Amino acid sequence: MEKFVIHGGNKLNGEINISGAKNAALAIIPAALFAREECRVENVPDISDVSTMIKILKYLGAEVTMPEKGVLLINSKNIEPRPIPDEMTRKLRASYYLLGVLLSEFKSACVALPGGCYFGLRPIDQHIKGFEALGATVNTEKAVVCAQAQELYGSSIYLDVVSVGATMNVMLAAVKAKGLTVIENAAREPHIVDLANFLNSMGADVRGAGTEVIKIRGVENMHGCTYSIIPDQIEAGTYMVAAAATGGDVTINNVIPKHLESITNKIEDCGVTVIEGDESVRIISEGRRCKACRVKTSPHPGFPTDMQPQFATLLCTCNGTSTVVEDVWDNRFKYIDQLRRMGANIIVNGDTALITGVETLNGAPVEADDLRAGAAMVIAGLMADGETTVGNIKLIDRGYENLIEKLTGVGADIARVKFEEE
Ligand code: EPZ
């Protein structure tokens with residue numbers, strides 16, 4: 001088994017290049033099946049969730065090749081609708097996008113309820129509400145969701161919850177439905193806009209993505225295209241926080257600063273300087289202790305829930321007491337037990353964590369509870385005095401391309417080390 005071994009205390013200095021957005025890629029790759037001919041998708045991150053999604057597409061009969069790093073050629077002329085083995089779909093949450101794509105393309109889809117990070121209930125009732133509004137019949141048996149329809153017809157759908165997955169899945173199910181679909185109370189994340197732009201590059205008619213009302217006029221046919229995925233907002237935010245947490249000076253390249261505004265704002269609230277370039281942000285921290293602040297997660301353009309563990313870790317050594325409110329997921333503070341092992345002083349009460357800054361964290365053996373909690377453990381190790389080992393790093397590999405190379409490139413003392421199975 002492998003772990004990360006980190007010796008903390010180094011200030012990060014230098015430049016990091018950001019990869020393509022995981023949560024855009026995981027919707028765009030299955031959406032390429034609509035073309036029924038070759039799509040060239042660029043800036044695809046080399047992460048295990050993408051590898052799993054590619055395996056699923058190949059299982060369905062798509063040809064998927066990688067002519068060069070970060071580029072996928074996806075040709076779906078020979079795909080066939082067949083139930084996807086549970087062991088494939090349970091590995092990642094985004095497998096549910098196959099429901100929207102296969103329902104739209106073949107009017108029939110069966111997908112095992114998705115896996116992915118566990119932080120409380122992760123229902124898909126809003127996805128099902130959307131499919132049914134379009135005319136599908138949806139049944140769930142033995143944790144497998146099946147959706148069937150004679151025909152799909154455009155409809156108006158009000159999402160009871162602002163849901164990234166439901167917004168994207170209904171968009172996918174509606175692109176070839178007969179007539180106009182209106183999604184209200186839609187999520188507005190950058191990856192939703194990216195999916196809409198990709199679909200439109202294939203000939204779809206999706207308008208309003210990025211606002212809370214998205215209109216999709218169904219089209220008969222779609223075609224191949226060449227498309228480049230946006231930079232990963234959360235990967236960039238993770239390294240921004242790592243730079244601030246170690247008192248460093250790091251320029252993060254290949255970003256869209258507008259996508260990072262809420263993260264930039266919070267890092268500045270902590271007294272850290274952020275200089276925005278056209279496609280970069282530079283984080284200049286005058287020292288290790290930041291100012292305490294209050295942060296509450298919310299759907300875009302609010303502070304991203306996927307940045308909550310990383311930012312809470314930064315706050316562990318701030319001057320004063322900070323408040324972190326998790327308002328998207330109902331149980332996303334599990335990682336705090338790991339931070340306490342390193343000397344963090346945190347009280348959790350329901351959706352709120354109260355963090356009283358300590359002088360420094362102390363290195364310790366910790367585990368990644370999920371993808372972003374794992375990234376938070378890496379940041380904690382970089383901040384701490386002494387040695388930290390992070391276990392369960394396969395969860396981190398799901399969403400961070402070349403994390404070791406990117407961090408050692410700015411002076412971190414971190415390595416991936418093989419250990420005998422305990
Ligand atoms: C996506 O998950 C991301 N995953 C998550 O990122 C991210 O945390 C989340 O969006 C919020 O931004 C992918 O894109 C693969 P939601 P998703 O539907 O779509 C409730 C990461 O680290 N809800 O926006 O599953 C739900 O319980 C991962 O990259 C319903 O009630 O999230 C939650 O409270 C972790 N019914 C809230 O909505 C539904 O049908 C937001 O969930 C769907 C969701």
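This note covers the cysteines of the model and one of its sheets.

1. The model is a predicted one, in which local features need pLDDT of at least 70, side-chain atom pairs count only at pLDDT 80 or more, and totals for chains, interfaces and linings use all residues. Residues are numbered from 1 along each chain as its sequence is written, and side-chain values use heavy atoms, with hydrogens and water left out.

2. One disulfide is present in the structure, the term standing here for a pair of cysteine sulfur atoms within 2.5 Å. The bond links Cys110 with Cys146, at an S to S distance of 1.9 Å, and it is right-handed, with 115° about the S-S bond. Because Cys110 belongs to strand β6 (residues 108-112) and Cys146 to strand β8 (residues 144-148), the pair ties together parts that are 36 residues apart in sequence. Helices (H or I, at least four residues) and strands (E, at least two) are DSSP runs, numbered from the N terminus.

3. How accessible are Cys110 and Cys146? Cys110 is partly exposed, at a relative accessible area of 22%, whereas Cys146 is buried, at 18% relative accessibility. Buried means under 20% relative accessible area, exposed means over 50%, and partly exposed lies in between, with a 1.4 Å probe and protein chains only.

4. Two further cysteines deserve a remark. The cysteine sulfur closest to that of Cys270 is in Cys293, and the distance of 3.7 Å is too far for a bond; Cys270 itself is buried, with a relative accessible area of 3%. For Cys316 the closest cysteine sulfur is in Cys318, at 8.5 Å, which is again too far for a bond, and Cys316 is buried at 1% relative accessibility.

5. An open sheet of four strands has the order β17-β18-β20-β19, with mixed pairing, where two strands pair if DSSP finds at least two bridges between them. Its edge strands, each pairing on one side only, are β17 (294-296) and β19 (345-349). On average, neighbouring strands of this sheet are turned by 15° against each other, direction ignored; axes are lines fitted to C-alpha atoms, for helices over the stretch in contact, and angles run from 0 to 180 degrees between N-to-C directions.

6. Within this sheet, strands β18 (residues 321-325) and β20 (residues 352-356) run antiparallel and are joined by five bridges, with Thr321 opposite Thr356 in β20. Helix α10 (residues 308-315) packs on the sheet and touches β17, β18 and β20, its direction making about 170° with that of β18; contact means heavy atoms within 4.5 Å.
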